[in-house]
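These are my notebook entries on a structure that I looked up.

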Amino acid sequence: MKYFIDNIASIIKGKWLVHHDNAPIEQLLIDSRKLIFPQTSLFFALKGPRRDGHTFIPQLYEKGVRNFIVSEAMDVTHLADANILQVNDPLQALQNLVAWHRKQFSLPVIGITGSNGKTIVKEWLNQLLEEKYTIIRSPKSYNSQIGVPLSVWPLNEQHELAIFEAGISQPGEMEQLQKIIQPTIGIFTNIGEAHSEGFVNLRQKVNEKLQLFKQVETLIYCQDDPEINSGVAAVWQLMSNSKRFTIFSWSMVTEATLQIRQVYKEGGKTTITASYQQEEISIVIPFIDNASVENAIHCWCVLLHLQIPQPAIALQMQQLGPVAMRLELKKGINNCSIINDSYSADLSSFTIALDFLSQQQQHAKKTVILSDILQSGRSEKDLYAEVGRLLQQRQVNRLIGIGERISHHQHIFQTAGIPEVVFYSSVDAFIKELNHLLFKDETILLKGARIFELEQIDRLLQQKVHQTVLEIDLTAVAHNLKQFQQLLNPSTRLMAMVKAFSYGSGSYEIANALQFHRVDYLAVAYADEGVELRKAGINLPIMVMNPDESTFDVLVQYSLEPDLYSPGILLLFEDFVKKQGIQQFPVHIELETGMNRLGFSMADLPVVLNALRTPFFKVQSVFTHLASSEDPQHDAYTDQQGELYMQMVAQLQAAVNYKFIRHVVNTAGIIRHPKWHLDMVRLGIGIYGGDSSGEGGLDLREVSTLKSTIAQIKNLKEGETVSYGRKGVVTRDTRIATVRIGYADGYPRSLGHGAGKMMVNGHLAPVIGTVCMDMTMIDITNISHVQEGDEVIVFGSALPVKQVAHWAQTIPYELLAGISQRVKRVYFEE
């Protein structure tokens, strides 16, 4: 179905500010960073807590975008060729447009909501039904007020089934999502405490979620949850006069449409037996966890409702595969970066993967290894032509196609302007030719359907390191960043601290994510850290906190901005730039107000004032460090530091005829001292999930998970000893596991002899004996089903780094920064 801006104006009832032509519209855009096709994109200028979409209109206009939805009157003098529609609320306009679009189609639409399992059920239904139907579904977890309309917009005449998920965080949201999705079949997965902050109780939350199903023909749910069951009963009372509304329930304890009789787990598989329409039927799934059992039963109900024959259902259930919920970024061979997204291949998820590829600036060259796209609903020629357009727009340098279908259409890519294209009929054929392909200094995206098993290629291209891994959740980084941004005024800038290898979490990988999410400044400790970021394509301004004379030339070469903190370093740098003939070089001035570490004191100010009167420097910012912003006992001292800082700043400001940035607070100060936010704040450990204020008022997520594996398991007799010095004495018959991590990896020796614990199979296992250089032993006597090769969590969301640091009698900063560089970093984005 084709849209033009004139009929969109009619649908959303917009007022023309500028009307140039009746342009065709194909893409809906809400994020200027994700622009691909400017000529056919319609930009909705949404307003957030800190970002206003209206400010990006001139930038988008320069890039070729000509169609805009705005809520403010604006100067259109330089936008004469644009089509600009004004509405009261651009988000409401987006939702109304897509709701109107959805009404143009009559097809089965499955709407899924619940606290957990929405995405897994959606992806499994796609796996189970993709051979029978041409399916459109939500990409990833696009289930919000913005994500749902973006999911439904691509719906077209060729689709035979739609599967969309809906998530809410407060009352009143589901009504709008219902209008957009308009499901005919509903699935209520479960109810829990996730995202409950906006609700009075679970009953209110259940009732709000049930709004999604007020016009469905069939509702599928588990009636064993009393809150859901009573909520559905109330809906049934309201809709019992409607012949269209039916309930398909399942239960493990009472009579239901599908009554589960037995759940039997053995050998990594689960057999589920049930009664349905007076017959006994069963399925086998290749999972044993309770969540997978619940999700599989929901899918089973859908397939039975759609009248899929039970033998076909049983066969397909055995072939269910795990759903990878994330993109992974890791180091590869020959200084490459590998992005692994090899669990599905459709246009929606491919576009998301390309967005992530575009964020990576560490290498100039970009390669995409892509399997056949197993997506029906359009001609293969059109499908691969669209893929070619996406690759060309994202300036991909090389495409390696794997599969017979993509190889058949290689002429499309050869004429699409991609510099290098090569094709293989299978993964095996690619592997045989691997030695003839050069992978060096590039970012490689692996994107493919699950059946192609591209993880074989992932293993071959990965940098070979030992099995201890630090996983860094880039989605959590973005989430934590937003948690702090919501505390700031829109005009307050944010400097992100990425010194010390981003607190152990990485260098350019973290900086790339922060740059994408538009922080204003980065700060590193030493010049070489800044050089690495510049070489990786980071173009944000970077402050170097500990410059020294030997790196002055590097600062200038890579546009790094030094922190000048003493008369000595100031005069040396002034002499350097003078000899180089440089004027107005950007610098930062650090003031000493009570930390007594670095910084100009009040007595030093005449030296600074003299320097600022010369033409050699341009002061970007003036700052100080608070000594105890996290401790309420020292709040008076903190305010005293702030007042002294303001007195010194007044003298500096009087010496120059321009404004500079003033900043004082760190992570704890952002939370506890809003009066000192001033022009900019410095965010450090908070980015990585640490709340140094101790107040716990923010919903921060652990960013890093340190994990390893068990090398060996031993059974010891009472009286035997473990590790060096024979200090780990067993007082009973004991089962121990040797874990592949030691103090050379950054696991402190202070965690030995029972001080520290690791997580195995969801249980804590104490360290026994002395921590060795490369190995640590743990007591697993009371933990069942532990095997060699099993995963061990050293710290993460289930075992917070703050707790491990407490056991080690240190702070999270030290523990994170101490993780050795030999530990492999894997970055992922949900």
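Entry 1, the largest cavity. I listed its lining and found Leu 329, Lys 330, Lys 331, Ser 337, Gln 362, Tyr 508, Glu 509 and Tyr 827. I worked on a 1 Å grid over the protein atoms alone, where a cavity is a set of points where a 1.4 Å probe fits but cannot get out, and lining residues have an atom within 4 Å of a point. The model is predicted; local features need pLDDT of at least 70, side-chain atom pairs count only at pLDDT 80 or more, and totals for chains, interfaces and linings use all residues. Residues are numbered from 1 along each chain as its sequence is written, and side-chain values use heavy atoms, with hydrogens and water left out.

I noted that the structure holds one cavity of 30 Å³ or more. About 30 Å³ of space lies in the largest cavity, a volume being the space filled by probe spheres set on grid points joined across faces, edges and corners.

Which elements each supply at least two residues of this lining? They are strand 17 (327-331) and helix 19 (508-516), and strand 17 gives the most, with three residues. Helices (H or I, at least four residues) and strands (E, at least two) are DSSP runs, numbered from the N terminus. I sorted the lining into three nonpolar, two polar and three charged residues. Here Ala, Val, Leu, Ile, Met, Phe, Trp, Tyr, Cys and Pro count as nonpolar, Asp, Glu, Lys and Arg as charged, and the others, Gly among them, as polar.

I recorded 27 helices and 40 strands in the protein chain. Its radius of gyration, taken over C-alpha atoms, is 29 Å, close to the 28 Å that the globule rule gives for 830 residues, so the chain is as compact as a globular protein of that length. The rule is 2.2 Å times the number of residues to the power 0.38. Buried residues (under 20% relative accessible area, 1.4 Å probe, protein chains only) make up 57% of the 830 residues.

In helix 1 (residues 5-12), I found Ile 5, Ile 8, Ala 9, Ile 11 and Ile 12 buried. They lie on the same side of helix 1 because they cover an arc of only 165° around the axis, the arc being that of the directions from the helix axis to the C-beta atoms. Just after helix 1, Lys 13 takes a positive phi of about 55°.

In helix 20 (residues 527-535), the buried residues include Ala 527, Val 531 and Leu 533, and also Glu 529 and Arg 534.

Conventions: Buried means under 20% relative accessible area, exposed over 50%, partly exposed in between (1.4 Å probe, protein chains only). On a 1 Å grid over the protein atoms alone, a cavity is a set of points where a 1.4 Å probe fits but cannot get out, and a pocket is an open set with protein on both sides within 12 Å along at least five of seven lines; lining residues have an atom within 4 Å of a point.
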